[in-house]
Amino acid sequence: MLLELIITLVKVFFIIGVTVVFFAPVLTWVERKQSAIMQDRVGANRADILGFTALGLFHAIADAIKMFTKEDFIPQGANRFLHTLSPIIAVIPAILTFAVVPFGGQYELWGTKVNLVISDLDVGLLFVFAIASIATYGYVISGWASNNNWSLLGSMRTASQMISYEVTMGLTIIGVLMVFGSLKLTEIGAAQEDFLSWGFFMQPLGFFMFLTASIAENKRIPFDAPEAESELVAGYFTEYSGLKFGMFFMSEFIEMVTIGAIVTVLFFGAWHIPFLPSATLLSWLDFLGTNWANLVLMLIHIGVFFAKVIFFIWFQMTIRWTLPRFRYDQIMKLGWKILLPLSLANILITGIVILAIN
Amino acid sequence: MAYFVDRTVKMTWWERSYLPEIIRGMLITSRHFFVNLFGFVPFFLGQKKEREIFTVYYPEEMAPIPIAYRGRPVLAINEDNLPNCVACGLCEAACPAYCIDIVPGENTGKQNQVERWPKEFTIDYAVCIFCGNCEEACPEEAIFMSDDYEIPMLDRKKMKFNLEQLSVPIEKLKDRVEFTRKMYGKWNY
C-alpha cells in the first residue's frame with residue numbers, strides 16, 4: 001500500500017515536473033527560437049547569467065521573474081472573484097489531463113508491477129474530453145469578468161470555436177475506439193505494438209481531423225480568432241497581467257504538450273518503437289538481468305514517448321509559424337461544413353471495413 | 001491603374017481543399033528551419049567558422065559601411081599630431097543646426113608654429129543633424145564624416161565633444177578623404 005502510494009507520488013511529480021516545470025518554460029524559448037530560425041533570424045539571446053547566455057535559454061527564467069513581479073491589475077467594474085478564478089479554471093484542466101495519459105507500458109521491477117500512468121481509468125479517453133471542455137468555462141468567464149468589450153468578443157469566439165471543434169474531436173475519436181475496442185488509454189497504447197497497427201495507419205483521415213480540431217481547441221494560429229491581435233487586442237486575456245496572464249500563457253503551452261501526448265497515444269504507437277517489439281528489445285537487454293533490463297526498457301519507452309511528443313510539438317510550432325489566421329466565418333465553415341461530415345463519413349467507413357474484415 | 005484579382009479561376013477539388021498549399025508552405029518553412037539549424041547552430045557552438053545565415057548580430061559584429069555614409073563628424077589630426085583645422089569658422093557658418101562651436105587661437109610671433117589653430121572645438125552631437133555641410137565647406141580637409149554611428153548616450157551634456165574627443169588620426173580617414181576629393185572636387189572648392 002505504502003509502496004503504491006510512493007510510486008504514484010513519484011509518477012505525479014514526474015508528470016508535473018515534465019509538463020509544468022520543464023515543458024512550459026522551455027516551450028516559450030522553443031517558440032521564440034524556432035520561429036526565428038524558420039524566418040532566418042537569430043532569436044532571443046540577450047538574457048545572460050554572468051555573461052553566459054546558453055542560446056537564450058535564460059529568457060524563460062527572465063519571463064518567469066517578470067510575471068511574478070508585475071502588478072496584478074484588476075480593471076474597474078470587473079468582477080474581482082471571477083477575474084481571479086478564470087485563469088485557474090483555464091490552467092488546471094490542461095495539467096489534469098495528464099492524469100490518464102500513459103507515458104510507458106507496464107513493467108515488473110523487483111516484484112512490483114509498475115504501470116506508467118497516474119490513474120488507469122476505464123474511461124480514460126472520455127475523462128480527457130470531459131476535463132478539456134471545462135477549460136472553455138475559464139476562457140468564457142475571463143472575457144465576461146474583465147468588463148471589456150474586446151475580452152467579451154474574444155471569449156464569445158472562444159466558446160463557439162471550442163464547442164464547434166469539440167464535436168469533430170469527439171466524433172473522430174469514435175473511429176479510434178471502433179478500431180481498438182477500448183476507452184482505456186493504456187490498452188489503446190499497448191494495442192499499437194506492431195508498426196502497421198498504429199492508429200495513423202488505421203485512421204489516417206481521423207488523425208488529420210483530430211490534429212486540426214485539437215489545434216483549433218488550443219486556439220493557436222491558424223485558429224487564433226479568439227485572441228486575434230490585429231482585431232481584438234489580445235482577446236479574452238486583454239485585461240490580465242502578471243501571473244494571471246502567465247497562467248493563460250502556460251495553459252496554452254501545456255495544452256500543446258497534452259495534444260502531442262494524446263496524438264502520440266492514439267495515433268502514433270504511444271511508447272512503441274517502430275519495427276522493434278518490446279520483447280526483442282528485452283532479449284537484447286537480457287545480459288543485465290531481468291529487473292535491470294526491465295528498468296532500462298522502461299526508461300527507453302519513456303524516452304521514445306517524449307521524443308514523439310516533442311516531434312508533435314515541433315509540428316504544431318511549424319504550423320503556427322507557417323499559416324496565416326483563418327477568418328472567423330472560415331473557421332466555422334471548416335468546422336461544421338467540412339470536418340463534421342468528414343468525421344461522420346470516417347465512422348461509417350470504419351464500421352464498414354471492420355464489418356468486412358470480420 | 002486599378003488592379004483586379006481574377007476570381008473566376010476554376011480550382012480543382014484538390015486545390016480547393018487547401019491541403020496542397022499547406023503542405024507546400026510547411027515544406028518551405030521546415031526547409032528553412034533545418035537548413036538554418038545545421039547552418040548556424042554549429043557556428044554558435046563554435047564548431048564552425050562560417051555562418052550560413054546572413055543576419056548581422058549587431059553589437060557583436062558590424063556590417064561594412066559604404067564610404068559615402070555620414071557618421072559622426074570628426075577632426076582630422078595630421079602627421080605632426082596637430083589638427084588640420086585653421087579655425088576659419090566656415091563649418092560653423094555652414095552648419096544648419098548650429099552645433100559647432102570654435103574658439104580660435106592666433107600665433108603671436110613664434111613663426112615655427114602654425115599660423116592659426118582651434119583652441120577649442122566643440123560639436124554637440126545632440127544637436128548635429130549629420131548633413132555633412134561642414135565637411136563640404138571645409139577648405140583644409142580638416143573635418144570629416146566618419147563611419148562611427150554609435151554615439152547614443154544616457155546624458156545629454158556628455159554629447160558635447162571637445163577637441164581631444166573629436167580628434168582622429170588622418171590615416172584612419174584615408175578613404176573618406178579620397179571620397180570627398182572626388183565628390184566635392186567637381187565644383188573646385
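**Note on a predicted two-chain model**

1. A:Gly269 sits in the loop of chain A between helix H10 (242–267) and helix H11 (278–284). Helices (H or I, at least four residues) and strands (E, at least two) are DSSP runs, numbered from the N terminus. The model is predicted: local features need pLDDT of at least 70, side-chain atom pairs count only at pLDDT 80 or more, and totals for chains, interfaces and linings use all residues. Residues are numbered from 1 along each chain as its sequence is written, while chains are lettered from A and ligands numbered from 1 in the order written.

2. Is A:Gly269 buried or exposed? A:Gly269 is buried, because 24 other C-beta atoms lie within 10 Å; the cut-off for buried is 20 or more, with C-beta atoms placed from the backbone.

3. Beyond four places in sequence, A:Gly269 touches A:Gln192, A:Trp198 and A:Pro274 (contact: C-beta atoms, placed from the backbone, within 7 Å).

4. The largest nonpolar core has 78 residues. Such a core is a set of buried Ala, Val, Leu, Ile, Met, Phe, Trp, Tyr and Cys residues joined through C-beta atoms within 7 Å. A:Val101, A:Ile262, A:Val263 and A:Val265 touch the most other members. H10(A) gives the most to this core, 14 residues.

5. Chain B has an open, antiparallel sheet of 3 strands, ordered E2-E3-E5. Strands pair if DSSP finds at least two bridges between them. Strand E2 (100–106) and strand E5 (160–161) are the edges. B:Asp124 stands opposite B:Lys160 in E5(B).

Note on methods
Buried ≥ 20, exposed ≤ 12 C-beta atoms within 10 Å, placed from the backbone. Contact = placed C-beta atoms within 7 Å.
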